[in-house]
Amino acid sequence: MLKVGIIGLPNVGKSTLFNAVLKREQALSANYPFATIEPNTGVVEVIDKRLNKLAELIKKEKGVTPPIVYPVIEFVDIAGLVKGANKGEGLGNKFLANIREVDMIIQVVRDFEDINIIREHSTNPQEDIEVINTELILKDIESIEKKIKEIGANQKRAQEKEIYKKYLELLEKGEYAIKYNPLKNSSKTPIKKEEYKNFIKPLFLLTDKPLIYVFNVDNPSDKKYKNIQKYKNTPVIYINAKLESEISSLDEQDQKAYLKDLGIKESGLDKIIKESYNLLGLITFFTAGEKEVRGWEIKKGATAVKAAGKIHSDFEKNFIKAEVIAYKDYIKYGSKIKAKNNGKLRLEGKDYTVKDADVIEFKIGAS
């Protein structure tokens, strides 16, 4: 399950955003520092209308309405960080540890005006971002320095030590560790994939995670935000967390109508999910039958056998072949049989690269 951490200074709207994306008031939103003490977690469905279409076709073909199972994302609302968190200020060390467990980070930045909401440790968007980023970097420097000290003069681990030194130099320049991540950074890095997997990945560096800035603003539809899609080369999304939380209690049609009236094309949740999938390089494949119609997220470039393993480890171990129909062909012909008769069903082996919206049935051997 994709796990996304929501961080930021106190009282910037993290818990309000958390309530909005979960579509229920699960987290405590309060106008005082550290209202969130234990990290709130919740799972939200990634609504994909393509699954509804597939379910309709299964009903027409089989005469039964299969349940729809959407992919899900787990959101973690992590309590507010403050300057000095890396040394335990506020409730820092505990919350920095919570961040290690997530796949990516949403950093909420306050850019709204409300005299009734205390600006606890917050000054302005740029300085607030610098405070958070500095704390994450300093914590990673601490982790790297511990490894270097542990190795000491051990010549057998000299290569490992050199890798840590490269990261230390990068972090000391104020840059994120993800810049050297050969699995997520397409540009050339001085770190090889095996070096990263063996030495850096096990450290779970805080700055080695994909990041989205979410600016909590008064009016997301303001023209001044229209063409600004990045802040310091990092994706940025503009939302009004309070508004999102308020409309989350409406049904789907009322939400759409309300957003349209406000000039907002899509909800904050939809924006966050879309950008999260993009940053993590995820796609969705489908399984469709009488028992259920389901979406599964998987890394772009994954093979059929890895997709089978996503469903169950036995599927990966006993994989024989995969019957694959592109979603658009399934919809065009209306059933698996008709798609097959028109040459749109393919039998693929374990090395087949799964495409987004592939509808797959796995053929599995006996254990």
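1. Tyrosine 213 counts as buried, because its relative accessibility is 3%, and the cut-off for buried is under 20%. The model is a predicted one, and this value, like the others below, was computed from it.

2. Tyrosine 213 belongs to strand β6, which covers residues 211-217.

3. What is the geometry of the pair of tyrosine 213 and tyrosine 231? The ring centres are 5.6 Å apart and the planes stand at 85°. Planes over 60 degrees apart count as edge-to-face, so the pair is given that label.

4. Tyr213 and Tyr231 are also members of a cluster joined by ring pairs, together with Phe215, Tyr225 and Tyr238. In the whole structure, the search finds 9 aromatic pairs.

5. A charged group meets a ring elsewhere in the list of side-chain features: arginine 294 has its charged end over the ring of tryptophan 296. The distance to the ring centre is 4.1 Å.

6. For the chain as a whole, there are 13 helices and 13 strands. The chain has 367 residues, and 48% of them count as buried.

7. Which share of the contacts between residues at least 6 apart in sequence joins residues at least 24 apart? The share is 67%.

8. The accessible surface of the chain is about 19,000 Å². Carbon and sulfur atoms account for 49% of that surface.

Technical notes: Residues are numbered from 1 along each chain as its sequence is written. This is a predicted model: local features need pLDDT of at least 70, side-chain atom pairs count only at pLDDT 80 or more; totals for chains, interfaces and linings use all residues. Side-chain values use heavy atoms; hydrogens and water are left out. Helices (H or I, at least four residues) and strands (E, at least two) are DSSP runs, numbered from the N terminus. Buried means under 20% relative accessible area, exposed over 50%, partly exposed in between (1.4 Å probe, protein chains only). Contact means heavy atoms within 4.5 Å. Accessible areas come from the Shrake-Rupley method with a 1.4 Å probe; for residues, only the protein chains shown count as cover. Rings of Phe, Tyr and Trp (its six-membered ring) pair if their centres lie within 6.5 Å; planes under 30 degrees apart count as stacked, over 60 as edge-to-face and the rest as tilted. A charge sits over a ring if NZ of Lys or CZ of Arg is within 6 Å of the ring centre and within 35 degrees of the ring normal.
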